[in-house]
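I opened this one to see how the chain is put together. My notes follow in the order I looked things up.

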Amino acid sequence: MSRQLVPEPVLRLVGHELRLWQSMALWALRRRHGVREGDLAFGHARGDAAMMYGLLFVCVVETVGLSVLLADWPVAHAVVLVLDVQTVLFLLGLRAAAVVRPHVLGGGVLRVRSGAHVDVAIPLERIAAVRRQSLYSHGEAEGELNLPVGSQTSLTVELTEPVNAPRLLGAERAVHVIRFHADDADALHTALVEALRPLPDPA
């Protein structure tokens, strides 16, 4: 019923906003999302840290400055203050989501994530190849998903069968190549290669 009353893009935006608030709560509690006991977690937030904190600083300075300049116009002051505070909280949410939602390897699945809007679960049996590959330019191609951090991806995963990748405002799409970044790409590559290695013959 809710999908009939509310357009799908609106529901997706609301869901994204809720995940941002959840991420801020987890960040404050120093907890991570979707990391179970025995899982290996690999962060991907380091490359964007300076830019995000720089944007936050600029937004806070702007909020304070406009608050002083518009002090004699109460209505304009209130509207701009609400918008500025919402912008600051949104940026904090984006940063929190990047920190508390790492890539996760465990339970026969590689979970590749980007903030609060991309979360792709890849069964290990579908992985045909994994490459340690640093790329700084990514063209748009059908069936490929690029998740750069600071314009860089450091790992490429090729699949034997496609998996569905979410889009913030559109329908899911099938992808068979996923490029993404990890702060410690070498460690994730090593762990993934080890997880893909066939089990020894018990005989």
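I started with helix H5 (residues 185-196), which lies across S5, S7 and strand S8 (173-180) and runs at about 170° to S5. Contact here means heavy atoms within 4.5 Å. For angles, the axes are lines fitted to C-alpha atoms, for helices over the stretch in contact, and the angles run from 0 to 180 degrees between N-to-C directions. Helices (H or I, at least four residues) and strands (E, at least two) are DSSP runs, numbered from the N terminus.

I noted the ground rules too: residues are numbered from 1 along each chain as its sequence is written, and side-chain values use heavy atoms, with hydrogens and water left out. This is a predicted model, in which local features need pLDDT of at least 70 and side-chain atom pairs count only at pLDDT 80 or more, while totals for chains, interfaces and linings use all residues.

**Whole chain**

I counted five helices and eight strands in the protein chain. Along the sequence I read the pattern α-α-β-α-α-β-β-β-β-β-β-β-α. I got a box of roughly 80 × 40 × 35 Å for the C-alpha atoms, taken along the principal axes. Of the 203 residues, 35% count as buried; buried means under 20% relative accessible area, exposed over 50%, and partly exposed in between (1.4 Å probe, protein chains only). The accessible surface comes to about 12,000 Å², with 61% of it belonging to carbon and sulfur atoms. That is a Shrake-Rupley area with a 1.4 Å probe, and for residues only the protein chains shown count as cover. I also looked at contacts between residues at least 6 apart in sequence: 67% of them join residues at least 24 apart.

**Sheet with S5 to S8**

What is its strand order? I found an open sheet of four strands in the order S5-S7-S8-S6, with mixed pairing. Strand S5 (127-135) and strand S6 (144-147) are the edge strands, each pairing on one side only. Neighbouring strands are turned by 30° against each other on average, direction ignored. Two strands pair if DSSP finds at least two bridges between them.

S5 runs antiparallel to strand S7 (residues 153-165), and six bridges join the two. I picked out Ala129, whose bridge partner in S7 is Glu158. S6 and S8 pair in the parallel sense over four bridges, and there Glu144 has Val177 in S8 as its bridge partner.

I checked the side chains on S6 next. In a regular strand the side chains alternate between the two faces of the sheet. Glu144 and Asn146 point one way from S6, Leu145 and Leu147 point the other way, and all are buried.

**Sheet with S1 to S4**

Here I found another open sheet of four strands, in the order S1-S2-S3-S4 with antiparallel pairing. Strand S1 (40-42) and strand S4 (118-123) stand at the edges with a single partner strand each, so one side of each has no neighbour in the sheet. The twist averages 15° from one strand to the next. Three bridges join strand S2 (residues 103-106) to strand S3 (residues 109-114), and I see Gly106 standing opposite Val109 in S3.

**Leu110**

Is Leu110 buried or exposed? Leu110 lies in strand S3 and is buried, at 0% relative accessibility. Leaving out residues up to four places away in sequence, I listed what Leu110 touches; among them are Val104, Ile122, Ile127, Val157, Phe180, Leu188 and Leu192.

I looked at His16 in helix H2 and found it buried, at 7% relative accessibility. Beyond residues up to four places away in sequence, His16 touches Phe90, Leu94, Ala116, His117 and Leu168.

Val14 is in helix H2 (residues 8-28) too, but is partly exposed at 44%. Val10, Val14 and Leu18 form a nonpolar surface patch with about 260 Å² of accessible area together. Such a patch takes residues with over 30% relative accessible area and no salt bridge, with nonpolar side chains (Val, Leu, Ile, Met, Phe, Trp, Tyr) joined within 5 Å. A salt bridge is a side-chain nitrogen of Lys or Arg within 4 Å of a carboxyl oxygen of Asp or Glu.

**Positive phi**

Most residues other than glycine have a negative phi. I noted Arg30, with phi near 60°, in the loop between H2 and S1; Arg30 is exposed at 79%. I also noted Ser151, with phi near 70°, in the loop between S6 and S7; Ser151 is partly exposed at 48%.

Terms used. Patch = residues over 30% accessible without salt bridge, like charges linked within 9 Å, V, L, I, M, F, W, Y side chains within 5 Å.
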